[in-house]
Each structure stands twice: as structure tokens, then as C-alpha cells.
Amino acid sequence: VAIVLAHALAVAQAHAHDQLSIERISLSINSALEQHARVIGELKVPSSNSKPLPAVVIVNSSSGFDGRSAFYADALNMAGFATLEIDMFQGKGLPASLRNNLPHVYQTLDYLSHHPRIDANRIGIMGFSWGGNIWVLASSDELARQYSRGEQRFAAHLALYPACSKHYALVADKPGKWNGLNPTVYRKITGRPVRILAAGRNDYDSRDREACAKFIAALPAAVQSYFLLTVYPEATFGWDSRFGSATYEVAANQGKGGIVEVVANAVIATQSQQAAVAYFRQHLQLDRRIDEPRGK
């Protein structure tokens, strides 16, 4: 039975892939923080619908394209979303600060908002680990005004296992916060929904596994209402990875370092995949008529 189901799923995914318009992109990024900055990626647009579609930008983790983004892109494409999987590093490694990658995501948003197949008002963003941290920061009104082009904003944000201890340190103005970022960045956000999917056994924050809840609780009351936290108690960091691992990470535990265990869990991965589709279906209004005013 499992073999039959796996075959059926593979056939369905292959059929869905045949129904996609695929565009490989390479964007020059105008940034005072990085010379010759670029974003490369793959834009997939379901070709069965000729109307402008909602889209989701999927931001890479520190390892770049490793299969995780495709896992979510496939499900989103099958549901009717366009997706743009991006790589901000191209093998160069992590920048000095998360702030360095904010021009990448906002200028990618600008590119998508002018694409004829994309509805500029219905573009969401999601990411993993480093990409998840970028996603959370992209909700900041202060940073959006600093790094975006004009008034364009992401319509919904979804982060998977970000380093919540760092975000908490930033809000609470405690040691361990990211260089180059001010505690003021979360005093006001863009007003779009923000959801975090967190791991109960996340070794990156093993010194404080309640860090995501503490981060949200430390936010101003007016900002908290836009945040939603889901914790998978048995999940480890990278639960949706293809393979398990256990490696020493210098950035773990608020920069003190430590072993980070990854247990690939297909059941939890399917849950988070379905959660991502449901979240963007709700907040990007996938099923609304194109001539229907937003908010109805």
C-alpha cells in the first residue's frame, strides 16, 4: 500500500510540475552592505490559471538549496500558488549580519510585484533557520522602511525554526542580540500576520527552549496580536530535512556553540507542509476572485 501511495504521489507531483511555468532568475541587488550582491532563484507559476496569482518567496537557510524549499514549493504549487525559491549566498557563506540580507528579500519582493503573472498585493514570505530569521525581521516596519523600495510589503510571513533567543535578546536589549540591529525594530511592524513554527527540541536554543514564547511575550501588546506560535514538541531543528545529522555549530546557544541534532521526521514535515499551505491560503486569499476587493 505504501509503495502504491508513494507512486501515486510521485505521479501527481510530476503532473503538477508539467503544469508549471518555470523561470530562472538572477537579480543584481543594490546594497550598501555587500558589493556585487545577487539573488538567484527559480520562479514557478501554475500555468493552468491565467490570472495574476498569489506568490510565496521561499528564503534559503545557511546551506542554500538543500531540498527543503522544494518540499514546500511543490505543495504550494499544487495548491495554486506561485513560488520563488531564492538563494542569497551562492556559496559565499553567511554575511556578517542578518541585516545584510534584507535588501535581498525586499528587492526580490519588488521584482515579483512587477511580474505580470503575480498579484503584487498577495506576496508572502517563508524561510528556514537563517531564512526564517530574515522572515521575522522583514515584518519590522522600521526595517521595511529602511530597506524596501516604496510602500510594497509582504502580505504574510511564515518562519520555521528561527533563532528565537536572538530575537528575544534584541527585543529585550540583552547580550546576544544581532550586531547592527536596534531594540526598536519590533516596536512597530508592517501590520501583516506573522507565524512561527518552532521545534520543542531545538538544540540551537537548548539553553532556552521557551525562547519563541518569550520573544512574542516581550513584544509590545499592539504587535503581539499579529504573531502566532506553533510548537511541535517532539521536533528537532530541521525536522523537514531529508537526512538526520549531529554537528557542532558555533552559532548555537546564543553564540556559545554546541551540538545540534537534526532528526528528519516525515510525519512532522508533512504537518508543517500542510500548515504552510493552509496559512498562505488564508492570508493570501488564494480562493478570492481577482476582481473582488481585498478584505471581503
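Colleague: Which residues of α10 are buried?

Modeller: Happy to start there, and keep in mind that this is a predicted model. A residue counts as buried under 20% relative accessible area. In α10 the buried residues are Ile268, Ala269, Ser272, Gln273, Ala275, Ala276, Val277, Tyr279 and Phe280.

Colleague: How far apart are the end C-alpha atoms of helix α10?

Modeller: Helix α10 covers residues 266-283, which is 18 residues. At 1.5 Å a residue, the helix should span 26 Å. The model agrees, since the end C-alpha atoms of α10 are apart by 26 Å.

Colleague: What covers the buried residues of α10?

Modeller: Several strands take part, including β3 (53-59), β5 (118-128), β6 (156-160), β7 (194-201) and β8 (227-236). The cover also includes a helix, α2 (68-79).

Colleague: Is α2 roughly parallel or oblique to α10?

Modeller: The two helices pack with their axes 10 Å apart, at an angle of about 45°. Angles under 35 degrees would count as roughly parallel. At about 45°, α2 is therefore oblique to α10.

Colleague: Is the crossing of α6 and α7 left-handed or right-handed?

Modeller: Helix α6 (residues 164-172) packs against helix α7 (residues 211-218) at about 25°, with axes 8 Å apart. That angle makes α6 roughly parallel to α7. As for its hand, the crossing of α6 and α7 is left-handed.

Key:
Residues numbered from 1 in each chain as written. Predicted model: local features only at pLDDT ≥ 70, side-chain atom pairs only at ≥ 80, totals over all residues. Heavy atoms only, no water. Axes fitted to C-alpha atoms, helices over the stretch in contact; angles between N-to-C directions. Helix = DSSP H or I, 4+ residues; strand = E, 2+ residues; numbered from the N terminus. Parallel < 35°, antiparallel > 145°, perpendicular 65-115°, else oblique. Left-handed = near helix turned anticlockwise from the far one by under 90°. Expected span 1.5 Å × (residues − 1). Buried < 20%, exposed > 50% of the residue type's maximum accessible area, 1.4 Å probe, protein only. Contact = heavy atoms within 4.5 Å.
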